[in-house]
Amino acid sequence: MERTDEVKLSFESLLDVKSASVLHHDDRTPYDPHSTTAMSTPAGTQEQQHQLPSYLTESLIKRSLEHDLQRPVTIDRFTAGPATAAGDNYLSDVFWIRVEYDGGASEKRLLAKCMPDIGDRGATLDVLDAFRKESETFQHLLPEFSRLVSTDGREQFGAKCYYATTEPVRTIVFEDLKALGYRMCDRTQGGLDYEHMMLVMRKIATFHAASMLYAGQSAEHQHRLASRYAYGLHNPQEQPADCRILQALQKGLTKFISVASDWTELEGEVLRKLEVLLPVFKERIADCVKPRQPGARYEVLNHGDLWSNNMMFRYDDGGTGAVREIMFVDYQISNYGSPGLDLVYTLYNCPHRDVRLERREELLTEYHRVLGETLRRNRYEPVPTFDDVKEEFTRNEFFGLVCAITFLPIMTMERSKDLDLSFDAFFKEGHGERLRDKQYNGTVFRQAVVPILHDLHARGYVR
């Protein structure tokens, strides 16, 4: 399967915007861990300091290493650059860092995820509680989950977190998964094949099982998940009409109806029902993404944003062989509740169109197998049945309709150098419409969405 050198660490896919560069204002140099561009030394130079954003400092790197090593370190030099391509970020600026310290005796490869309070970004981060949630997840929950399902700690659910701070801007510093051989698949190629998807489902199952084991340890643990991860995509404190994310999704449905009106392969009844749905679409989305659901057969910590740009894979034979390992990134909108939210989001957004519908049952079966094995191995009861898994999935399939119409065009959008993809530019009059033109007229999207909508319509979800 074709792979790229992208690195993506956040929910930034919704509006698909660019990251800042540490090099020059218009530089979009791909990640090169051996680059010597933007080199900084303890003394520094005026030119070097100008090239780096003010919040990506030697002090930050020093604090990150000292926090991890629990001892003083001396930074000799570091190299930094943008870790994401234009169109792969939304709320964060992500940078790779190569640092030498202690007289050149040691070297680390790091990734800094910075969330500066610029324009509307700070308000959106606050509404989503993104920084608090992600830093807590990486620093506390993921290491505990790993210990629960693997005594040797080999089962990892995310990169090692070195440090998290709000000064001078919200920043989380991780180990660089790319330096460990992980790669991201190319989101523009139409989706993940069956082998990648089987690995994805096993990982989700293990992650969900770990959260169930954690919650089962004590009422305090269960309360912690339920209270501190109470929502994901939509904060219930915000009215749907005022939510910028839901506003953007509704504009997506409007654009789809306009574009698809000329698609002869799409049944006219589907479009007519979508037109009826349009006036209440924001409210329906807000309702369907509520994690705590009456009648849920079992509850888990959902990752919340499991699509291909939030997964990194490692391959045999130095990256040219079969896929063998997976790591999740970006836990900004994790939420505690029905596992159906993760399962629907993943199975509607990630697979290639030849896998999505035809092999869904096999993928859910594999998820259930690994979930059950992990829970039984750790003496957890009761173990959910396959009927429980299918019930959680089907109860949440209206969310699949939302994904197909609003997220899938973003995730399959072809790369473009002639569009301003910044967060604030998206809301400028006329610009968002040009961006949606690009997304909804994509060939890959059209080929994928029509069979999804016909399937959902046949089963009564388009209403």
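Colleague: Which residues are linked in a network of salt bridges?

Modeller: Side chains of opposite charge can pair when their charged atoms come close. A salt bridge is counted when a side-chain nitrogen of Lys or Arg lies within 4 Å of a carboxyl oxygen of Asp or Glu. Here the network joins Asp129, Arg132, Glu136, Arg224 and Arg228. This is a predicted model, in which local features need pLDDT of at least 70 and side-chain atom pairs count only at pLDDT 80 or more, while totals for chains, interfaces and linings use all residues. Residues are numbered from 1 along each chain as its sequence is written, and side-chain values use heavy atoms, with hydrogens and water left out.

Colleague: How many salt bridges does a search of the whole structure find?

Modeller: The search finds 36 salt bridges.

Colleague: Where in the chain do Glu134 and Lys113 lie?

Modeller: These two side chains form a salt bridge, at 2.7 Å from N to O. The pair links distant parts of the chain, 21 residues apart: Glu134 is in helix 4 (residues 130-149) and Lys113 in strand 4 (residues 106-115). Helices (H or I, at least four residues) and strands (E, at least two) are DSSP runs, numbered from the N terminus.

Colleague: Is Glu134 buried or exposed?

Modeller: Buried means under 20% relative accessible area, exposed over 50%, and partly exposed in between (1.4 Å probe, protein chains only). Glu134 is buried, at 1%, and Lys113 is buried, at 0%.

Colleague: Which residue forms a salt bridge with Asp316?

Modeller: Arg324 does, with the closest N and O atoms 3.0 Å apart. Asp316 is partly exposed, at 29%, and Arg324 is partly exposed, at 40%.
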